[in-house]
Amino acid sequence: MALFGFPSRRSGRAAQSAPGAGHGAAQAGGMAKAPIHHVPPTPRELRAQVVHRLQIGLFGLAAMLLLVGLANVILDRAYMADASAVADPDASASASTTPANDPLVDMGVTPELPAANRPADKTAPAAAPQH
C-alpha cells in the first residue's frame, strides 16, 4: 500500500524476499522501488463529479433565493406595520385625552395626592418663602 506516493516498507520487503524480484527492479538502500502511476479518472467518475458540482451549486442558489425571499417578506410586513401605525391618528389622539396616571402610584410605591394638592404646571417653580 502506498501512502503519499511512497511505497510501504512491507511491499518493499515482500518484493525482496520473492524469488526473482531483485533482478528487474531498481534497488536503492535495500528496497525495491515500484513505479507509481497516476490513473486518470474514468468518464463515469468525471460525469459523477460534474453532477455533484451541479447539485451543490443549484442547492446553494436555491438556499440564497429562499433567504432573500424570506428577508423580503419580513421587510414587507415591517413596512405594512409602520404604514398602519401612521395611518391611524385617531388611536393616538384618544390615548392622549385620558388622564395620565402616575406609574409609582399605580404600583403602590407612593401615595396618591389629592387633586387640590397637585401642582398644575410642573415647569413653573413655586415661590420660595421669604424669612
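Which residues form a nonpolar patch on the surface? Leu-104, Met-107 and Val-109 do, and together they have about 310 Å² of accessible area.

## The chain at a glance

Keep in mind that this is a predicted model. The protein chain has 5 helices and 2 strands. Reading from the N terminus, the order of the elements is α-α-β-β-α-α-α.

The chain exposes about 12100 Å², and 66% of that comes from carbon and sulfur atoms.

The average pLDDT for the protein chain is 74, with 53% of the residues scoring at least 70. Helix H3 (residues 43–87) has the highest mean pLDDT of the elements, at 94, while helix H2 (residues 21–24) has the lowest, at 49.

Leu-104 sits in helix H5, which covers residues 103–107. Its relative accessibility is 39%, so Leu-104 counts as partly exposed. Partly exposed is the class between buried, under 20%, and exposed, over 50%.

Thr-110 lies in the segment after H5. Because its relative accessible area is 32%, Thr-110 is partly exposed.

What does Thr-110 touch, leaving aside its neighbours within four places in sequence? Its contacts are Asp-102, Leu-104 and Val-105. One of these, Leu-104, is also part of the nonpolar patch with Met-107 and Val-109.

Key
Residues numbered from 1 in each chain as written. Predicted model: local features only at pLDDT ≥ 70, side-chain atom pairs only at ≥ 80, totals over all residues. Heavy atoms only, no water. Patch = residues over 30% accessible without salt bridge, like charges linked within 9 Å, V, L, I, M, F, W, Y side chains within 5 Å. Areas by Shrake-Rupley, 256 points an atom, 1.4 Å probe, with all protein chains shown as cover. Salt bridge = Lys/Arg side-chain N within 4 Å of Asp/Glu carboxyl O. Helix = DSSP H or I, 4+ residues; strand = E, 2+ residues; numbered from the N terminus. Buried < 20%, exposed > 50% of the residue type's maximum accessible area, 1.4 Å probe, protein only. pLDDT = per-residue confidence, 0-100. Contact = heavy atoms within 4.5 Å.
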